Amino acid sequence: MATEQHLLAALSHGPAEPLTTAQEETLRRAVAKVIELGAQTGVTVDEMIHLLDSGLNVAELLEYLAARSGEIA
């Protein structure tokens with residue numbers, strides 16, 4: 001199964017459903033990349049969590065980080 005498929009499957013799981021080892025690893029790598037992008041754009045993990053808690057979804061958070069990345073470049 002491709003990495004993207006593992007990530008999509010992991011994101012579609014309900015909270016009561018355990019992830020497979022491959023899905024868990026894919027999700028960990030994806031989160032690490034988001035954290036890295038945040039660090040490169042000056043957004044801390046706590047700030048990203050606050051944005052998500054405030055109602056942003058993951059896609060919107062990625063768009064925000066991408067926009068900030070363009071501002072910094």
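Is Leu 61 buried or exposed, and at what relative accessibility?

**Before you start**

The model on your screen is predicted, so local features are described only where pLDDT is at least 70, side-chain atom pairs count only at pLDDT 80 or more, and totals for chains, interfaces and linings use all residues. Residues are numbered from 1 along each chain as its sequence is written, and side-chain values use heavy atoms, with hydrogens and water left out.

**The whole chain**

Colour the chain by pLDDT, the predictor's confidence in each residue, from 0 to 100. The average over the chain is 86, and 77% of the residues score at least 70. Among the elements, helix 1 (residues 3–12) has the lowest mean pLDDT, 60, while helix 3 has the highest, 96.

Now switch to a cartoon view, in which you can follow four helices and zero strands; here helices (H or I, at least four residues) and strands (E, at least two) are DSSP runs, numbered from the N terminus. Of the 73 residues in the chain, 15% are buried, where buried means under 20% relative accessible area, exposed means over 50%, and partly exposed lies in between (1.4 Å probe, protein chains only).

**Helix 2**

Select residues 21–40, which form helix 2. Its 20 residues should span 28 Å at 1.5 Å a residue, and the end C-alpha atoms are 29 Å apart, which agrees; the expected span is 1.5 Å times one less than the number of residues.

Next, show the side chains of the buried residues of helix 2, namely Gln 23, Thr 26 and Gly 38. They cover an arc of only 115 degrees around the axis, which puts them on the same side of helix 2, the arc being that of the directions from the helix axis to the C-beta atoms.

Move on to Thr 41, in the loop between helix 2 and helix 3 (45–53). Thr 41 is buried, with a relative accessible area of 2%. A polar atom of its side chain lies 3.0 Å from the backbone oxygen of Leu 37, and the side chain of Thr 41 also reaches the backbone oxygen of Gly 38 at 3.1 Å. Select Gly 42 as well, which takes a positive phi of about 85 degrees just after helix 2.

**Leu 61**

Finally, select Leu 61 in helix 4 (residues 58–72). Leu 61 counts as buried, at 4% relative accessibility, which answers the opening question. Leaving aside residues up to four places away in sequence, Leu 61 touches Val 34, Met 48, Leu 51, Leu 52 and Leu 56, where contact means heavy atoms within 4.5 Å. Draw a distance from Leu 61 to Val 34: the two are 27 residues apart in sequence and 9.2 Å apart in space, C-alpha to C-alpha.

Methods
Polar contact = N/O pair within 3.5 Å; in protein donor to acceptor, adjacent residues only side chain to side chain.
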